[in-house]
Amino acid sequence: MRGLGLARGGEELSILCLGAHSDDIEIGAGGTILGLIASGVKLHVSWCVLSAGGQRSAEARASAEAFLEGSRSSTVEIADFEDSYFPAHSRSIKQWLMDVRSRIRPDVVLTHAKFDAHQDHREVNQLTWNVFRDHLVLEYEIANWDGDLCQPNAYVPLTADLLERKLGLLHEHFGSQRSKDWFDRETFAGLARLRGMECRAPEHYAEAFTLRKVKIL
């Protein structure tokens, strides 16, 4: 299968990462970001978390800085929209995202998947497409008890070392989540192994995305 790379080593790439909660970007696309940096891409990242109160705000910032170590430039923005009630705050969230759009011009936008059953994730997805109409949007997935994983159509292979780094950073930075039954190595590694099988990744692991629109030149 022929690959379509986002950027090669030495090239510039600007990414906007949108996550409803403090660990979403890392779980869904952390390996992809680590891989771009490791490959020598000159990565410019705007990392936006829309809901992270108290301890989770500190976790979000520390984790983002760790995942973005080695990037060419990065900004981390953390908002305080009410967890679990994003649909009720849709207008305010849209205005917040429009302000982000007015300040940056990303090559790629990473956001939640359309079929994610979590109301906050779903709202972020809908507003992403509403606000960032002229961008390449990659929708990442997060496994949860709703059983809502969809059939992805884009894959980013991960080396075993990159997966280990992702898992290590998740465990290190999100102490508030470790007691939850879904937040563990087996969940994250198991999904990465499944996606790696689906795309025949050389080292057996991958992150998967939904890609609705792409322009081939």
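**Salt bridges, packed helices and a few individual residues**

Colleague: How many salt bridges are there by your rule?
Modeller: A salt bridge here is a side-chain nitrogen of Lys or Arg within 4 Å of a carboxyl oxygen of Asp or Glu. With that rule applied, the count comes to nine.

Colleague: And what kind of model is this?
Modeller: Residues are numbered from 1 along each chain as its sequence is written, and side-chain values use heavy atoms, with hydrogens and water left out. Local features need pLDDT of at least 70 and side-chain atom pairs count only at pLDDT 80 or more, while totals for chains, interfaces and linings use all residues, since the model is predicted.

Colleague: Let's start with R103 and E77. Which helix and which strand does this pair link?
Modeller: The side chains of R103 and E77 meet in a salt bridge, with N and O 3.1 Å apart. The two residues are 26 apart and belong to distant parts of the chain. Helices (H or I, at least four residues) and strands (E, at least two) are DSSP runs numbered from the N terminus. By that numbering, R103 is in helix α3 (residues 90-103) and E77 in strand β3 (residues 73-78).

Colleague: Now R195 and E141: is R195 buried or exposed?
Modeller: R195 and E141 form a salt bridge at 2.8 Å, N to O. E141 has a relative accessible area of 9% and is buried. R195, at 4% relative accessibility, counts as buried.

Colleague: On to the helices. Are α2 and α5 roughly parallel or antiparallel?
Modeller: Helix α2 (residues 55-67) and helix α5 (residues 160-173) pack at about 155°, with axes 10 Å apart. Axes are lines fitted to C-alpha atoms, for helices over the stretch in contact, and angles run from 0 to 180 degrees between N-to-C directions. Angles under 35 degrees count as roughly parallel, over 145 as roughly antiparallel, 65 to 115 as roughly perpendicular and the rest as oblique. The two helices are therefore roughly antiparallel.

Colleague: And where does F132 lie?
Modeller: With a relative accessible area of 0%, F132 is buried. Leaving aside neighbours within four places in sequence, F132 is in contact (heavy atoms within 4.5 Å) with L16, L18, L97, R101, V109 and V137. Its place is the loop between α4 (119-131) and β5.

Colleague: One last thing: what is the phi of H204?
Modeller: Most residues other than glycine have a negative phi, and most peptide bonds are trans. H204 lies in the loop between α6 and β7 (205-210) and, at 43% relative accessibility, counts as partly exposed. Although H204 is not a glycine, its phi is positive, at about 80°.

Technical notes:
Buried < 20%, exposed > 50% of the residue type's maximum accessible area, 1.4 Å probe, protein only.
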